[in-house]
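This explanation leads the reader through a single protein chain, from its overall make-up to particular residues. Please keep the sequence and the model in view while reading.

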Amino acid sequence: MRARPILPVLAVLVVLSAVLVAAPPRPAAAAQGGPRVVSRHAILVDADGGAVLWGRGSRTPRPPASLTKMLTALAIRASLDLDGRVAASRVAARQPARRLAVRRGQRLTVEQALKALMIVSANDVAVMLAEGAAGSVGRFARAMDAESERLGLRLSRWRNPHGLDAPGHRSSAFDLAILARAVLRDRWLARVVRMRRAAFTSPSGRRHTLTARSRFLLGYRGAVGVKTGLTDDAGHCLAAAATRHGRTLIAVVLDSPDTAADAGQMLDWGFGRGRSARTGLRLPGYVAPAGVAALLVRPPRMLERHRPAAPRPAAGAAGGAPSPDGPAAQRSWRAMARAGAGATAALLAATGLVLRRRRRGMA
C-alpha cells in the first residue's frame, strides 16, 4: 500500500506555527463582548480616570482628518492669548473647504479663530493660527510632534495643523482619545466644543456666523463635544464625548460609515451594561500642553529625555497595564519571534529526518 505523502502536511504545520506565533493576542474586551460598532478603529474611555472600557483596532495609525485640530487648539491655547490677533497669509487664504473664507490680510482674534477652528473646522483658520504661533506650517508641525511626545501620543505623526491628507500624517483612536480628554480639561475649549452656534465681527469688520453641523452634538443626549472630521483617506471620523449622571465618557471612531451611530452605541453601552467594563488599558496621566516656543527649543526626543521618568505600574495593577507599544512589549515580541523561528527550524529538521528514513526504507 502506497504511503501518503507527508510533505504537504508538514508544510501546513510549519505555516500554522508561524501564524500562531506572529498573531498578536486578541484584546480582552473582544472576549467580553461590547457595543455593536461598525468601525474597525474605535475606543471608549472614561474621561476622569482614563480607563479604557472597550476598543477595537485602537492602536492602528490612521489618517485622523480634522480631529487633528484638537492638537492644534491645545498648542495654540498654550501659546497665544485669546485677545491676540492673527492675520491671513496667502497660504491660509488658499486652503480648501471647509473654510471661513478669509481674505489675505484679514485679521481675527485668537478667540475668534479658535471658535472657527473647532465649531466649523475652518482649514484656513488652522493655517492662520499655526503661522501666528510658529511662523510657518512646517515649524508648527514640528511643535505638534514634540507636543505629542509630551502628552503620551506614541503612534501619531503630524504634517499640518488642519488634518488634510498628507503622507505620514497619522494618529490612532487611542492617541486621539488622549487629545479629546485634554480638550475637555481646558475649561474654555470645553465650552467652545459644545457650542451649537457662535457669531462675531472680526477686527477687519467682517461678520461671521458659525453653526455646528455635528449630528452627534446636535442629537445625542448629554453630548459635550468634541470634533468631527472627513477626508478621502480618513473617511468619516469623530471624537465624541457625553456626560450623564456626573460621568463623562469619550468615544473615538475612525473611518466609519456612520460615526454618530457608532459613537452613540459605544456611549450607550458605556453608560449602561458596560459601565463596569475594564480592559486593563489606561490612558497615560494628563500632562498640560506646552507652548510652541518651548516645544521648538530642542528636538522632541530631547524634551522627552529630560522629563523625569514616571514609575511604571506593575502589570495587572490598579494603576493600569504596560503599554503594548513599550520596551517591555517589544522585548516580549522579540522573544516570541525567536521562539517561533526555533519551532519552525525544529519542524523543518524533523521533515528532513523523516525524508531520509523513507529513502533508506525504499533503497
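Of the 363 residues of the chain, 46% count as buried, where buried means under 20% relative accessible area, exposed over 50% and partly exposed in between, with a 1.4 Å probe and protein chains only. The model is a predicted one, in which local features need pLDDT of at least 70 and side-chain atom pairs count only at pLDDT 80 or more, while totals for chains, interfaces and linings use all residues. Residues are numbered from 1 along each chain as its sequence is written, and side-chain values use heavy atoms, with hydrogens and water left out.

The chain has 14 helices and 9 strands; these are DSSP runs numbered from the N terminus, with helices (H or I) of at least four residues and strands (E) of at least two. Its accessible surface comes to about 18300 Å², and 54% of this belongs to carbon and sulfur atoms; such areas come from the Shrake-Rupley method with a 1.4 Å probe, and for residues only the protein chains shown count as cover. Among contacts (heavy atoms within 4.5 Å) between residues at least 6 apart in sequence, 65% join residues at least 24 apart.

Five strands form it in the order S2-S1-S9-S8-S7, with antiparallel pairing; two strands pair if DSSP finds at least two bridges between them. At the edges stand strand S2 (52-56) and strand S7 (223-231), each of which pairs on one side only. Neighbouring strands of this sheet are turned by 5° against each other on average, direction ignored; axes are lines fitted to C-alpha atoms, for helices over the stretch in contact, and angles run from 0 to 180 degrees between N-to-C directions. Strands of a sheet pair through backbone hydrogen bonds, either parallel or antiparallel. S7 and strand S8 (residues 235-244) are joined in the antiparallel sense over 8 bridges, and within this pair Thr228 stands opposite Leu238 in S8.

Helices pack on this sheet. Helix H8 (residues 173-185) touches strand S1 (41-46), S2, S7, S8 and S9, and its direction makes about 140° with that of S9. H11 also packs on the sheet, touching S1, S2, S8 and S9, and the direction of H11 makes about 145° with that of S9.

Strand S7 holds a further feature: a cis peptide bond joins Gly225 and Val226, with omega about 20°, and Val226 lies in strand S7. Another cis peptide bond runs from Ala97 to Arg98, with omega near 5°; Arg98 has its place in the loop between helix H4 (90-93) and strand S4 (107-109).

The loop between strand S9 (247-254) and helix H11 (259-271) contains Ser256. Ser256 counts as buried because its relative accessibility is 3%. Leaving aside residues up to four places away in sequence, Ser256 touches Ser39, His236 and Asp262. A polar atom of the side chain of Ser256 lies 3.1 Å from the backbone nitrogen of Asp258. Asp255 lies in this loop between S9 and H11 and has a positive phi of about 50° although it is not a glycine. With 34% relative accessibility, Asp255 counts as partly exposed.

Ala65 lies in the loop between S2 and helix H3 (69-77). Its phi is near 55°, a positive value in a residue other than glycine, and Ala65 is buried, with a relative accessible area of 1%.

Attention now turns to other helices. Helix H5 (residues 110-119) is mostly covered, 9 of its 10 residues being buried; among them are Val110, Leu114 and Met118. Just after H5, Ser121 takes a positive phi of about 60°. Helix H6 (residues 123-134) and helix H7 (residues 137-151) pack at an angle of about 80°, with their axes 8 Å apart. H6 is therefore roughly perpendicular to H7, a term for angles of 65 to 115 degrees, whereas those under 35 count as roughly parallel, those over 145 as roughly antiparallel and the rest as oblique. Val127, Ala130, Glu131, Ala133 and Ala134 of H6 make the contact with Val137, Arg139 and Phe140 of H7.

Finally, strand S5 (residues 197-201) has a covered face, Ala198 and Phe200, and an uncovered one, Arg197, Ala199 and Thr201. S5 pairs with strand S6 (residues 207-211) in the antiparallel sense over 5 bridges, and Phe200 stands opposite His208 in S6. The hairpin of S5 and S6 has 5 residues between the strands, and Gly205 takes a positive phi near 95° there.

Notes: A polar contact is a pair of N or O atoms within 3.5 Å; within protein, one must be able to donate a hydrogen and the other to accept it, and residues adjacent in sequence count only if both atoms are side-chain atoms.
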